[in-house]
Amino acid sequence: MKAAIFDAPHKMHIGEWQQPSLGTDDVMVKVSAAGICAGDLYIYTGKNPYTTYPVIGGHEVCGVVADAGSGAKTFHCGQAVVIEPFLSCGKCFPCREGKPNCCSNLEIIGVHRPGGYAEYVVVPQDHLFAMPAGLTPLWASFAEPVTIAIHACRRGEIKRGDYVLILGCGPIGLALIEVAIVRGARVVAVDVLDSRLRTAHALGAEVIKNDGHLLEQVLAMTHGEGAAVVVEATGNVNIMESTADLVAAGGKIVIVGLVAKGIKVQFPGLDFTRKEMTIVGSRTEVGCFPEALDLLASGRIQYPKYATVFELWSAPDVFSDLTRNPGSVHKGVFVFQ
Ligand SMILES: [Zn+2]
Ligand SMILES: [Zn+2]
């Protein structure tokens with residue numbers, strides 16, 4: 001089959017890849033759309049520590065069932081489906097604790113296994129969801145990033161009336177804005193780029209341009225209290241460290257952004273007790289696909305409107321351009337015509 005293949009850092013080509021074989025419970029999905037995630041850019045640039053090259057990226061994928069193993073009877077050929085790309089072992093401690101997203105043996109389709117930047121991708125049938133009627137492949141490919149936002153909002157226990165500060169308006173930040181608004185929060189989004197802030201505002205957030213006076217502005221908006229929930233979606237160490245000041249006493253910090261391996265993040269120790277803040281990490285998602293598909297199908301998530309569509313067989317140029325200028329699009333998606 002034809003695929004866009006990451007060969008090594010900054011090396012990618014369009015070529016032939018052996019068509020994957022089907023296990024008993026597997027489904028062969030003919031790809032319709034595959035989003036471009038920061039994780040894919042990390043594979044391209046060599047910053048993803050979990051990848052061994054060559055690999056086919058793409059974990060934000062939807063398509064149509066083309067074939068199925070003898071035990072895979074849930075979906076029929078021709079049915080439109082969305083892929084949940086996170087495969088957990090079911091045996092390790094986090095799996096036993098109901099946190100398969102933290103599985104010690106986690107495998108991600110498009111990172112550890114061949115992903116959706118190809119004509120076909122093989123997926124266990126219990127990692128597929130029927131695509132709701134009325135959703136286009138472009139919109140359905142947003143299910144995975146929306147699940148990341150849903151999981152982060154669940155981790156932060158975001159509720160009606162909470163002042164929620166979202167740091168970073170990249171693809172995940174924009175999804176976070178809409179999911180937090182659905183939960184009835186007062187959402188304030190922060191970024192340094194005007195283009196991103198315009199989109200954040202169009203999606204319903206109040207916005208603050210981070211020009212070095214963020215803390216003063218947040219305190220002014222909250223009668224000096226700080227944010228009930230701060231969600232970190234930049235991966236920038238300085239911003240991450242500022243969350244301890246931005247959060248209200250008794251509030252919560254949710255860390256979604258990734259820092260590079262080995263990088264330390266410091267927090268003022270006294271504030272752990274003085275403010276009794278809760279700091280939680282948020283990794284991928286657990287069981288969030290049904291809600292994500294429902295939010296997309298019902299029109300309560302609108303940020304796919306701001307996606308830029310690319311042709312998959314131009315992927316080597318697209319990745320080279322996006323690496324040089326990551327702020328040039330809100331979100332790129334490869335769509336098969
Ligand atoms: Zn992703
Ligand atoms: Zn496990």
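**Entry 1: domains.** I looked up the domain assignment of the protein chain, which gives domain 1 as 2-141 + 302-335 and domain 2 as 148-281. I note here that I am working with a predicted model. The C-alpha centres of domain 1 and domain 2 lie 28 Å apart, and I found that eight residues from domain 1 and nine residues from domain 2 make up the contact. On the side of domain 1 that touches domain 2, I recorded three nonpolar, three polar and two charged residues.

**Entry 2: two helices.** I turned to helix 4 (residues 143-155) and helix 5 (residues 171-182), which pack with their axes 8 Å apart and at an angle of about 60°. Helix 4 and helix 5 are therefore oblique to each other, and I noted that helix 4 passes helix 5 in a right-handed crossing. Among the residues that meet there are Ile-148 and Ala-152 in helix 4 and Ile-172 and Leu-176 in helix 5. I sorted the residues of this contact of helix 4 with helix 5 into 13 nonpolar, no polar and no charged.

Entry 3: I followed an open sheet of six strands in the order 12-11-10-13-14-15, with parallel pairing. Strand 12 (206-209) and strand 15 (278-281) stand at the edges with a single partner strand each, so one side of each has no neighbour in the sheet. From one strand to the next, the twist averages 20°.

I then checked strand 10 (residues 163-167), which pairs with strand 13 (residues 227-232) in the parallel sense over four bridges, and I saw that Val-231 in strand 13 is the bridge partner of Ile-166. Lastly, I returned to helix 5, which lies across strand 10, strand 11 (186-191) and strand 13 and runs at about 170° to strand 11.

Definitions and conventions. Residues numbered from 1 in each chain as written. Chains lettered and ligands numbered in written order. Predicted model: local features only at pLDDT ≥ 70, side-chain atom pairs only at ≥ 80, totals over all residues. Domains from an automatic or database assignment. Contact = placed C-beta atoms within 7 Å. Nonpolar A, V, L, I, M, F, W, Y, C, P; charged D, E, K, R; others polar. Axes fitted to C-alpha atoms, helices over the stretch in contact; angles between N-to-C directions. Parallel < 35°, antiparallel > 145°, perpendicular 65-115°, else oblique. Left-handed = near helix turned anticlockwise from the far one by under 90°. Pairing = 2+ DSSP bridges.
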